[in-house]
Amino acid sequence: MAVIRDVMPAFELFQPATVDEALALLDRHGAEAWVLAGGLDSFDWLKDRAKRPAVVVDLSQVSELRGIRPVNGGLEIGALTTLTEVVRHAEVREQFALLSQAAELVASPQIRNQGTLGGNVSQDTRCWYYRSGWTCYRAGGNICYADTPTAINREHAILDADRCVAVNPSDTAPALIALAAEFVIRRVGGSERVVAAEDYFVGPGVDILRMTALRPGELLTTIRIPATWAGASFYFEKVRDRQVWDFPLVNVAAAIKAAGGPGGLIEGARIAVGAVAARPLRLPAVEAAVTGKPRSAETADLAGELAIEGAQPLRYNGYKVPLMRNLVRRAIRGTTATTT
């Protein structure tokens, strides 16, 4: 299939200065509007001409969407805050290091300087069939090209596939789920809804055309991290093909409260994995199973086996099953994370 690259389709560009102005534009243009944050995912789509919005709403001038603010022992992070700001912020590093660890493993320093937290959690899947313009289920067609006998599907889903086997590529998403974050979504007129991080992401069984809970006319404005898991024991690991730029093959994020230091009884845990399904997955069965048990090799083995229950690998991604199992094991044991 021939793809014309690097020549963007014509669109009308708006650069609002306030959130209210941005929301008014999104309300007026609805599904025809495309929200531009850092632009790193957006420009791929536009240059490949795979997306042809009539209107692009550039948020770069909306200063109220930037910044990190302490609130009731937790934090509020503007959706337009760059990943570099998240990585370097003192309170994020001291109290919620899981998020800074995840953000620091996104792509390269240059991309983190431009990419935003809101953009990282809202980006579309990287499935090459879908992004190259093939008329798959996610693009409104009636087939998943990645789930055929001759497909190349090394990076695709092993869990919760429903017609589409593309995966969510975000690194910060599992960390925010593990931190019990909340996403604030606004629309014109002051209407606001707050969704738990794990509910912000949408699987194909809910809506195969979307990756997130955002609807036309809505804007993700703020990410709230409560004080609940501040200072817990954190673990984040990302396995990828190259040390920079690459999206995860599998990643894992864990927040664990344990009594008596390393090896002590686990009093509570939140664990999430990414790049194994269309949305980042929280692992409540694993969390329940390890609570009350020592942070030991035996507990880790139990967690790893529970994590991969129901996995259905495709022709070329069977390696993700033992990889996910081992990352969950390491998260429970608190083994020093290394990037691969």
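The legends below describe several close-up views of a predicted model.

In this predicted model, local features need pLDDT of at least 70 and side-chain atom pairs count only at pLDDT 80 or more, while totals for chains, interfaces and linings use all residues. Residues are numbered from 1 along each chain as its sequence is written, and side-chain values use heavy atoms, with hydrogens and water left out.

**View 1. Five strands form an open sheet in the order S4-S5-S8-S6-S7.** The pairing is antiparallel; two strands pair if DSSP finds at least two bridges between them. Helices (H or I, at least four residues) and strands (E, at least two) are DSSP runs, numbered from the N terminus. Strand S4 (68–71) and strand S7 (192–196) stand at the edges with a single partner strand each, so one side of each is left without a neighbour in the sheet. On average, neighbouring strands of this sheet are turned by 25 degrees against each other, direction ignored. Helix H1 (residues 19–29) packs on the sheet and touches S6 and strand S8 (219–225); contact means heavy atoms within 4.5 Å. The direction of H1 makes about 130 degrees with that of S8. Axes are lines fitted to C-alpha atoms, for helices over the stretch in contact, and angles run from 0 to 180 degrees between N-to-C directions.

**View 2. Strands S6 and S7 form a hairpin with five residues between them.** Strand S6 (residues 182–186) runs antiparallel to S7 and is joined to S7 by five bridges. Phe 183 stands opposite Val 195 in S7, and Glu 182 stands opposite Ala 196 in S7. In a regular strand the side chains alternate between the two faces of the sheet. In the turn, Gly 189 has a positive phi of about 90 degrees.

**View 3. Leu 99, Leu 176 and Phe 183 have the most contacts inside the largest nonpolar core.** This core has 43 residues. A nonpolar core is a set of buried Ala, Val, Leu, Ile, Met, Phe, Trp, Tyr and Cys residues joined through side-chain atoms within 4.5 Å. Buried means under 20% relative accessible area, exposed over 50%, and partly exposed in between (1.4 Å probe, protein chains only). Among the residues touched by Leu 176 are Leu 99, Val 121, Phe 183 and Ile 223, residues up to four places away in sequence not being counted. A second, separate core has 30 residues, including Val 252, Val 276, Leu 281 and Met 324.

**View 4. Four strands form an open sheet in the order S9-S10-S11-S12.** The pairing is antiparallel. Strand S9 (233–239) and strand S12 (281–282) are the edge strands, and each pairs on one side only. Two bridges pair strand S11 (residues 266–274) with S12; Leu 281 in S12 is the bridge partner of Val 273. Helix H5 (residues 97–104) packs on this sheet, touching S9 and strand S10 (250–258), and the direction of H5 makes about 15 degrees with that of S9. Six of the eight residues of H5 are buried, so this helix is largely enclosed by the rest of the structure. Among the buried residues of H5 are Leu 98, Leu 99 and Ser 100.

**View 5. Arg 270 lies in strand S11.** Arg 270 is buried, with a relative accessible area of 12%. Not counting residues up to four places away in sequence, the residues touched by Arg 270 include Ala 180, Glu 198, Trp 229, Arg 282 and Glu 287. Asp 124 and Arg 270 are 146 residues apart in sequence and 25 Å apart in space, C-alpha to C-alpha.

**View 6. Helices H12 and H13 pass each other in a right-handed crossing.** A crossing is right-handed if the near helix is turned clockwise from the far one by less than a right angle, and left-handed if anticlockwise. The axes of helix H12 (residues 297–307) and helix H13 (residues 320–333) come within 8 Å and cross at roughly 145 degrees. Among the residues that make the contact are Ala 300, Ala 303 and Ala 307 of H12 and Met 324, Val 328 and Ile 332 of H13. By class, the contact has seven nonpolar, two polar and five charged residues. Here Ala, Val, Leu, Ile, Met, Phe, Trp, Tyr, Cys and Pro count as nonpolar, Asp, Glu, Lys and Arg as charged, and the others, Gly among them, as polar.

**View 7. Ala 180 has a positive phi of about 60 degrees although it is not a glycine.** Ala 180 is placed in the loop between H9 and S6. Ala 180 is partly exposed, with a relative accessible area of 21%.
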